[in-house]
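Hi,

Here is the structure I promised to pass on to you. Have a look at it first, and then read my notes below.

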Amino acid sequence: MKKAFITGITGQDGSYLAELLLGKNYEIHGLIRRSSTFNTDRIDHLYKDFHDPEARVYLHYGDLSVSGQLTDFSYNIKPDEIYHLGAQSHVRVSFDMPEYTGDVTGLGTLRILEAIRKTGIKTRFYQASSSEMFGAAPPLQNELTPFQPRSPYAVAKVYAYYMVKNYRDAYRLFACNGILFNHESPRRGETFVTRKITRTATQIKMGLKDKLYLGNLEAKRDWGYAGDYVEAMWRMLQEDSPDDYVIATGETHSVREFVEKVFTKLDLDDKKHVFIDARYFRPTEVDILQGDASKARQRLGWRPKVSFDQLIDMMIEADMEIAKKEKTLMEAGYIDQKNRCPA
Ligand code: NAP
Ligand code: GDD
């Protein structure tokens, strides 16, 4: 049985990847942060048999800012594959917390690479690189496009990307950069724009809210489905030699188009409900991302399966279920309407 160590297992991608690897009979070890509230919602269904001696998911408390622990985990677990997905992953927040983002998102990668080098374990390493690194570069972006990062998050990811390349060359580590374009799902964090839109629009549909506040509606993104993208991560680590790959759909759509589609599908008038709040604009914006994943198609045999419209339908359906439950609980007086902090 192969062993995988996943950082960021509690996040969107970590949960889909853990599911995929369990289906392939891996033993899963995940890095988890201590939190004052439960932060395992996305993976609870994977270890419902937690107390079962046959359980194949193990969680280890730690943090990407603590290197000694990462070395211990590497040595003790000796994973066949490490998927490094943990990061401060919110671009807007990275402008508020540039030092923290540099530490966790940039140096966090170096700490794991060092753990592998120092312990000498034989493992394959996946780095969650990002299309955000392309920044101001024109579409269609591919593996040869020079990076022009536009946020502290993107700069931290560029640092990590080159560290992975350097450790591959200098120490012959089997280390890959997956340069993934935006990917979404019903498990997407609620402060990322797609989920913010589907979550709030379905609440508006159920009469729980009236307004959706957004920032720049003209930005364009290449949005795919997270479930398809974790398959590409796994495929990269099954190759004979390590390399870097762009993973994208090749389509691009504006935030405005996403909003209009969601509201139309829900038979709502976005003009009545959507408002602009300048606080959601970024000091520097990435105007357009559209990826060219030809290399991944040819070498990994990877292609996206879920279309833009199917992705939106999937997210609306899941969020509609949540909104219906919220309405029932609110009517019964069990919960009040939540006013979440902005991001
Ligand atoms: P996400 O939902 O925000 O998950 C981030 C994960 O990192 C969470 O499990 C989080 O733990 C963990 N984490 C954050 N800070 C940490 C720390 N100091 N120590 C240990 N763990 C920490 O992100 P995602 O969408 O799944 O993305 C996964 C990775 O791919 C990230 O590195 C992201 O930057 C990158 N990426 C994402 C996309 C995308 O479109 N989704 C595209 C390209 C690249 P908590 O649950 O405790 O917060
Ligand atoms: N979050 C957010 N909230 N974004 C908004 C809003 C809003 O209210 N209004 C407009 N936007 C615009 C942003 O300005 C940006 O241009 C676009 O919507 C997408 O924003 P996000 O969903 O926050 O994603 P991102 O593209 O900045 O970053 C995501 O994708 C990267 C890959 O390109 C994250 O998942 C990163 O971790 C990932 O690396």
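Let's start with ligand 1, where an N or O atom in the side chain of Asn-39 sits 3.2 Å from one of the ligand's oxygen atoms. Keep in mind that this is a predicted model, so everything here is computed from predicted positions.

On its own, ligand 1 would expose 900 Å², and the protein buries 89% of that. Which elements give two or more residues to the shell around ligand 1? They are α1 (12–23), α4 (98–119), β5 (124–130) and α5 (152–171). Of these, β5 gives the largest share of the shell, with three residues.

In total, 26 residues surround ligand 1, and the closest are Thr-10, Arg-33, Leu-85, Ser-89 and Tyr-153. If you sort that shell by residue type, you get ten nonpolar, eleven polar and five charged residues.

Now for ligand 2. It has 23 residues around it, and those that come nearest are Ser-130, Ser-131, Tyr-153, Arg-282 and Glu-285. You'll notice that Tyr-153 is on the list of closest residues for ligand 1 and on the list for ligand 2. The shell of ligand 2 is made up of nine nonpolar, eight polar and six charged residues.

Ser-131 has a polar side-chain atom 2.6 Å from an oxygen atom of ligand 2. Glu-285 has one at 2.6 Å from an oxygen atom of ligand 2, and for Arg-188 the distance from a polar side-chain atom to an oxygen atom of ligand 2 is 2.9 Å. The protein covers 96% of the 710 Å² of accessible area that ligand 2 has on its own.

The contact takes 20 residues from domain 1 and 23 residues from domain 2. About 1800 Å² is buried between the two domains, and carbon and sulfur atoms give 66% of that area. On the domain 1 side, Arg-150, Pro-186 and Trp-223 supply 42% of the area buried against domain 2, more than any other three residues.

Most residues other than glycine have a negative phi, and most peptide bonds are trans. The peptide bond from Pro-139 to Leu-140 is cis, with omega near -5°, and Leu-140 lies in the loop between β5 and α5. Asn-25 has a positive phi, near 70°, although this residue is not a glycine. You'll find Asn-25 in the loop between α1 and β2 (27–32).

Cheers

Key. Residues are numbered from 1 along each chain as its sequence is written. Chains are lettered from A and ligands numbered from 1 in the order in which they are written. This is a predicted model: local features need pLDDT of at least 70, side-chain atom pairs count only at pLDDT 80 or more; totals for chains, interfaces and linings use all residues. Side-chain values use heavy atoms; hydrogens and water are left out. A residue is near a molecule or strand if one of its heavy atoms lies within 4 Å of it. A polar contact is a pair of N or O atoms within 3.5 Å; within protein, one must be able to donate a hydrogen and the other to accept it, and residues adjacent in sequence count only if both atoms are side-chain atoms. Accessible areas come from the Shrake-Rupley method with a 1.4 Å probe; for residues, only the protein chains shown count as cover. Ala, Val, Leu, Ile, Met, Phe, Trp, Tyr, Cys and Pro count as nonpolar, Asp, Glu, Lys and Arg as charged, and the others, Gly among them, as polar. Helices (H or I, at least four residues) and strands (E, at least two) are DSSP runs, numbered from the N terminus. Contact means heavy atoms within 4.5 Å. Buried area is the accessible area (1.4 Å probe) that two parts lose on being put together, summed over both.
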